[in-house]
Amino acid sequence: MDRRTLIGGGIAGAAVVVAAGGYFYNTRNAAEAQTAVNAGDASAVADVDTSGVTEMVLGDADAPVTMMEYASFTCPHCRDFHNNVFTQLRTDYIDTGKVKFIYRDVYFDRYGLWASLIARCNGGMRFFGIADMLYEQQDQWLRGAKSEADIADNLRKLGKVAGLDDATLEACLADEDQARTLAAWYQKNATADDVSGTPTLIINGEKYSNMSYAELKKILDEQLG
């Protein structure tokens, strides 16, 4: 999926407020918001300290191959990659110590940011388990929703299934500082690695686009020698 625009309003548009059972984003004039996004919101990004963001990592830290995936929880191609490729990748390469895997969130829309706030709740201890649910049930929690309030409630339900209580969920979803920090972190990473679409894969420093498991396996086996 090639969607080069960050969530509306750039960093300023990432503040999340939970009230009356629904989500409300601070808003600006649409033209002004788009101008800020197109400009990269560079000054706002530079001013945000992203050093506290936790990298989501699986596998042996000393594995011979490091693979990074840039993906969005709302991207259908990312869903397909996760469900059809990542599961095999994890079994054959990550769990066997051959690949260190790093997942980096991409926020092309507000719903992806909301999902990430849920997945990263409590320091991200349940991140990959929640990520599995978000991708496996993407059609239900996202496309099956009739309103933003429905999406919000669906994400809450997923969080509860993962073991998060109501108070913890609401605290994570209302964390405006975390929302701004994650948005800035994404922009910095995407700029550094020239990410314009999802999923984007970086394998030992080389960038690749979406691919089948057979194609990925060939690249990994070549890297492993």
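## Overall make-up

Helices (H or I, at least four residues) and strands (E, at least two) are DSSP runs, numbered from the N terminus. By that rule the protein has 11 helices and 7 strands. This is a predicted model, in which local features need pLDDT of at least 70 and side-chain atom pairs count only at pLDDT 80 or more, while totals for chains, interfaces and linings use all residues. Residues are numbered from 1 along each chain as its sequence is written, and side-chain values use heavy atoms, with hydrogens and water left out.

Of the 225 residues, 48% count as buried (under 20% relative accessible area, with exposed over 50% and partly exposed in between; 1.4 Å probe, protein chains only). Contact means heavy atoms within 4.5 Å. Among contacts between residues at least 6 apart in sequence, 80% join residues at least 24 apart.

## Lys100

Lys100 belongs to strand S5, residues 99-105. Its relative accessibility is 22%, so Lys100 counts as partly exposed.

Leaving aside residues up to four places away in sequence, Lys100 touches Val57, Leu58, Asp60, Ala61, Ala63, Val65, Thr66 and Met67. Asp60 is 40 residues from Lys100 along the chain, and 5.6 Å separates their C-alpha atoms.

## Helices H4 and H10

Two packed helices are described by the angle between their axes and the distance between the axes. For H4 (residues 110-119) and H10 (residues 176-193), the axes come within 11 Å and cross at roughly 115°. Axes here are lines fitted to C-alpha atoms, for helices over the stretch in contact, and angles run from 0 to 180 degrees between N-to-C directions. H4 and H10 are therefore roughly perpendicular (65 to 115 degrees).

On the H4 side, Leu113, Ser116 and Leu117 meet Gln178, Ala179 and Leu182 of H10. This contact has 4 nonpolar, 2 polar and no charged residues (nonpolar: Ala, Val, Leu, Ile, Met, Phe, Trp, Tyr, Cys and Pro; charged: Asp, Glu, Lys and Arg; polar: the others, Gly among them).

## Backbone exceptions

Most residues other than glycine have a negative phi, and most peptide bonds are trans. Asn122, in helix H5 (residues 121-124), has a positive phi of about 60° although it is not a glycine. Asn122 is partly exposed because its relative accessibility is 40%.

The loop between H10 and S6 contains Asp194, whose phi is also positive, about 55°. At 53% relative accessibility, Asp194 counts as exposed. Pro199 lies in the loop between H10 and strand S6 (200-203), and a cis peptide bond with omega of about -5° joins Thr198 to Pro199.

Note on methods
Angles under 35 degrees count as roughly parallel, over 145 as roughly antiparallel, 65 to 115 as roughly perpendicular and the rest as oblique.
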